[in-house]
Amino acid sequence: MGILEVVGHLPRIWKRFQELIRAAALEKPNLAILTDSPDFHFRVARKLKRLRIPVVYLVAPQVWAWRKGRVKTMQRLIDRLLCIFPFEEKFFREHRVPVTYIGHPLASRVRPTLSREDFFRKHNLDPGRPLITMLPGSRRSEALRHLPELTRAAEILAKDRPMSFVLPASPTCGAGFFAQPLAGSGIQVIEGEAWDAMAHCDVALAASGTVTVEAALLGAPMVTFYRVTGTSWAIGKLLVDIPFYSMVNLIAGKRVVAELMQEAMTGERLAAETAGLLDDANERGKMKEDLARVAGLLSGEGDAISCAADEVERVLETLK
């Protein structure tokens, strides 16, 4: 995430790119399905076109947010675009990209596995206390950027009233990663179980990204946040042109959840927004209603991956 953050990975990425193109030239597939990662996959698509391999692109690049000129590249290289957010279909149709909205793949999959009672019992949580779920991001680098302010927020909130804090560790971090940064913080780290932790919390503090979509599907009232390096933020501000940063707000077309970005992401602000949701049942109920509407929009007309498979078959039929 970010611009400078990716530089160290470029040699590995370039090696994988060359391996992939060599394999495509050797195997000559009937069709290629490229998923997300546009800076990588647009280059792949360009090579595939020269090899006369049709391209279906799953998960639309966010050209509606920044670098809109890339849509011309998409017109040339993509035979069928499968988008997972409802507002994208109109944008790409207007820009003459062959597109189908399939719904979000998570919409039919995100479910808790435990009841609230069982989850609380499993982790020795007091059912009489509000539960705050901390979601600092799935990557170690972003989690480390966010942990100090999340820890500060927990400290402020705990002074006001008794409450519980859990942090479901992502597979890329693991619970052990948080042992030292969260020592003495009162935040209980659990291995995985993010969907249960979101489904049964009173408020989620969620790093902006896919986890906010998951929280919306689970109906979890939330406060969103994100920080990158100062340089990446300054460059991004010049490039990005969107009314909201959170995907939940973009899908809703209005401010549903608070967005605390960069300097606004402080322990004090996180605590204040969380306390506001805990204290105002009407506001929390209104947010849950809006999140239910977002979840409905994400559901599309059935299982997203089944819809994607149908579209791929249609493209293959046109090639016969």
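Strand 3 (residues 80–83) and strand 4 run parallel and are joined by 3 bridges; helices (H or I, at least four residues) and strands (E, at least two) are DSSP runs numbered from the N terminus. Within this pairing, Leu82 stands opposite Thr100 of strand 4. The model is a predicted one, in which local features need pLDDT of at least 70, side-chain atom pairs count only at pLDDT 80 or more, and totals for chains, interfaces and linings use all residues. Residues are numbered from 1 along each chain as its sequence is written, and side-chain values use heavy atoms, with hydrogens and water left out.

The open sheet to which these strands belong has 4 strands in the order 1-2-3-4, with parallel pairing; two strands pair if DSSP finds at least two bridges between them. Strand 1 (32–35) and strand 4 (99–101) have a single partner strand each, so one side of each is left without a neighbour in the sheet. From one strand to the next the twist averages 20 degrees. Helix 2 packs on this sheet, touching strand 1 and strand 2 (55–58), and its direction makes about 165 degrees with that of strand 1. Contact means heavy atoms within 4.5 Å; axes are lines fitted to C-alpha atoms, for helices over the stretch in contact, and angles run from 0 to 180 degrees between N-to-C directions.

## His41 in helix 2

His41 is placed in helix 2. With a relative accessible area of 12%, His41 is buried (buried means under 20% relative accessible area, exposed over 50%, and partly exposed in between, with a 1.4 Å probe and protein chains only). Leaving aside residues up to four places away in sequence, His41 touches Leu34, Thr35, Asp36 and Tyr57.

The 18 residues of helix 1 should span 26 Å at 1.5 Å a residue, and the end C-alpha atoms are 26 Å apart, which agrees; the expected span is 1.5 Å times one less than the number of residues. The buried residues of this helix are Phe17, Ile21 and Ala24. Seen down the axis of helix 1, the buried residues fall within an arc of 60 degrees, so they line one face of the helix; the arc is that of the directions from the helix axis to the C-beta atoms. An α-helix has 3.6 residues a turn, so residues three or four places apart point the same way.

Helix 2 (38–50) is included in what covers the buried residues of helix 1. The face turned away from the buried side carries the exposed residues Pro11, Arg22, Leu26 and Glu27. Gln18 also lies in helix 1 (residues 10–27) and counts as partly exposed, at 33% relative accessibility. Just after helix 1, Lys28 takes a positive phi of about 50 degrees.

## Aromatic pairs

The structure holds 8 aromatic pairs. Rings of Phe, Tyr and Trp (its six-membered ring) pair if their centres lie within 6.5 Å; planes under 30 degrees apart count as stacked, over 60 as edge-to-face and the rest as tilted. The Phe17 and Phe40 rings have centres 6.0 Å apart and planes at 85 degrees, so this pair is edge-to-face. Phe17 lies in helix 1 and Phe40 in helix 2, so the pair ties together parts that are 23 residues apart in sequence. Both Phe17 and Phe40 are buried, and ring pairs link Trp14, Phe17 and Phe40 into a cluster.

Phe91 and Phe92 also form an aromatic pair; its geometry is edge-to-face, at 5.1 Å centre to centre and 90 degrees between the planes. Phe91 counts as buried at 15% relative accessibility, and Phe92 is buried with a relative accessible area of 0%.

Another open sheet has 6 strands in the order 7-6-5-8-9-10, with parallel pairing. Strand 7 (187–191) and strand 10 (258–261) are the edge strands, each pairing on one side only. The twist averages 20 degrees from one strand to the next. Strand 8 (residues 203–207) and strand 9 (residues 222–226) run parallel, joined by 4 bridges; Ala204 stands opposite Met222 and Ala206 opposite Thr224.

Helix 6 (residues 140–160) packs on the sheet, touching strand 5 (131–135), strand 6 (164–169), strand 7, strand 8 and strand 9, and its direction makes about 140 degrees with that of strand 9.
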